[in-house]
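Subject: Structure for you to look at

Dear colleague,

Here is the structure I promised to pass on, with the sequence beside it. Please look through it first, and then read my notes below.

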Amino acid sequence: MARTLFCEYLKKEAEGLDFQLYPGELGKRIFDHISKQAWGEWMKKQTMLVNEKKLNMMNADHRKLLEQEMINFLFEGKEVHIEGYVPPAD
């Protein structure tokens, strides 16, 4: 049976992640408070950030930037800003 939780990003009950995807205390917080749907939304934003900003995951500063963007997006409701990106019109 799927695990449900109150997703801090979606602000509603949703299906939780199957296992902890990120290490440490932040990973536990994500597992306990972020849904599969919200994580999927973050993964799209993360891919855009890595590609557009040419982030190198071997670089500690780049990893730190990405982690801060993740916290801002998932827990603080801040949209990821990518220079020159215009979202498609609905």
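**Helix 3 and its surroundings**

Helix 3 has 16 residues and, from its first C-alpha to its last, reaches 22 Å, which is close to the 22 Å expected at 1.5 Å a residue. Please keep in mind throughout that this is a predicted model. The buried residues of helix 3 are L66, E69, M70, I71, N72, F73, L74 and F75, and what covers them includes helix 1 and helix 2.

The C-alpha trace spans about 40 × 35 × 20 Å along its principal axes, and buried residues make up 30% of the 90 residues. Of the contacts with a separation of 6 or more, 50% are accounted for by residues 24 or more positions apart.

Which residues have the most contacts inside the largest nonpolar core? That core has 21 residues, and the ones with the most contacts inside it are I30, I34, W39, W42, M70 and L74. Two or more residues of this core are given by each of strand 1 (4-7), helix 1 (24-33), helix 2 (36-52) and helix 3 (60-75), and the largest share, 6 residues, comes from helix 3. As a general background to this, nonpolar side chains in soluble globular proteins tend to be buried together.

For a contrast, please turn to K54, which has its place in the loop between helix 2 and helix 3. Is K54 buried or exposed? K54 counts as exposed because its relative accessibility is 67%, and the cut-off for exposed is over 50%. Even so, K54 touches L49 and H62, again not counting residues up to four places away in sequence.

With best wishes

Notes. Residues numbered from 1 in each chain as written. Predicted model: local features only at pLDDT ≥ 70, side-chain atom pairs only at ≥ 80, totals over all residues. Heavy atoms only, no water. Core = buried A, V, L, I, M, F, W, Y, C linked by side-chain atoms within 4.5 Å. Buried < 20%, exposed > 50% of the residue type's maximum accessible area, 1.4 Å probe, protein only. Helix = DSSP H or I, 4+ residues; strand = E, 2+ residues; numbered from the N terminus. Contact = heavy atoms within 4.5 Å. Expected span 1.5 Å × (residues − 1).
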